[in-house]
Amino acid sequence: MVTVETQTTELDASPRRRPQDHPQDMGFAHNNVLHANHFRKDWQRRVRTWFNQPGRKLRRRNARKTKAAALGVRPTSLLRPAVRGQTVRYNRKVREGRGFTLAELKEAGIGRKEARGVGIVVDHRRRNLSEEGKKVNVERLKAYKARLIVFPRKAGKPKKGDSSAEDLKASTTRAAIPLPSVDVAEAPRKITAEEREFEAYKTLRTARANARYEGARKARAQK
């Protein structure tokens, strides 16, 4: 029999040195830059206040009054089209756009140079992407044109395009034409059988595929 003696070792019970146990070592390890905290800045000079808000409010109001008096009987704001907001998030809202398109002016019977002279903004870069939006703005132009009164430069010598003497005596208003309410509220009703059977996703995918492969199918049919 061979006996083997095993040597037992005792583990060091003393805990290791940790940074949180020695606060003086925190933040100053290695070759880093020492902190230079600036706690004595003159911050009161750099605080933005709003004590002039009532004064600016009065100044803006007086400026509006001066502008309205200088414009005479003309509207205080120019006529702009009703457009949809950008992106899926905002396209359900209707807002004022930059200017009317040339197609909208042509359908309403207003020239582009004439429009700029009667308070209508023209945007030659904008394009109509839907018949509904174009129709709304054409009706907006026609309503503005029906309410428009063009005073002659000289009272005794009216020119072509100026309003008649009877129209000049009519009461005038400077209020802008409000934006149209495009979304019409629909009364609640039951879903029909035809609507239940309609497959919207399949219809959209089929129409997309037909539009995509239309040219290739025509070329194949010609061969």
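Reader: Which element gives the most to the lining of the largest pocket?
Author: That is α5, with three residues. Keep in mind that this is a predicted model.

Reader: How much space lies in the largest pocket?
Author: About 1100 Å³.

Reader: And which residues are closest to its centre?
Author: Arg74, Pro75, Val118, Leu148 and Ile149. They belong to a lining of 37 residues.

Reader: Which elements give two or more residues to that lining?
Author: α1 (53-71), α4 (112-117) and α5 (131-147) do.

Reader: What is the lining of the largest pocket like by class?
Author: It has 15 nonpolar residues, 14 charged ones and eight polar ones.

Reader: Changing topic. What volume does the second largest pocket have?
Author: About 450 Å³.

Reader: How many residues line the second largest pocket, and which lie nearest its centre?
Author: The lining has 19 residues. Nearest the centre are Val83, Arg84, Arg126, Ser130 and Gly133.

Reader: Which of them gives the most to the lining of the second largest pocket?
Author: α5, with five residues. The helix α5 also gives the most to the lining of the largest pocket, where its share is three residues.

Reader: And by class, what does the lining of the second largest pocket have?
Author: Seven charged, six polar and six nonpolar residues.

Reader: Last one. What shows where empty space is left?
Author: A probe the size of a water molecule is rolled over the atoms, and that shows where space stays empty.

Definitions and conventions:
Residues are numbered from 1 along each chain as its sequence is written. This is a predicted model: local features need pLDDT of at least 70, side-chain atom pairs count only at pLDDT 80 or more; totals for chains, interfaces and linings use all residues. Side-chain values use heavy atoms; hydrogens and water are left out. On a 1 Å grid over the protein atoms alone, a cavity is a set of points where a 1.4 Å probe fits but cannot get out, and a pocket is an open set with protein on both sides within 12 Å along at least five of seven lines; lining residues have an atom within 4 Å of a point. Grid points are joined across faces, edges and corners, and a volume is the space filled by probe spheres set on the points. Helices (H or I, at least four residues) and strands (E, at least two) are DSSP runs, numbered from the N terminus. Ala, Val, Leu, Ile, Met, Phe, Trp, Tyr, Cys and Pro count as nonpolar, Asp, Glu, Lys and Arg as charged, and the others, Gly among them, as polar.
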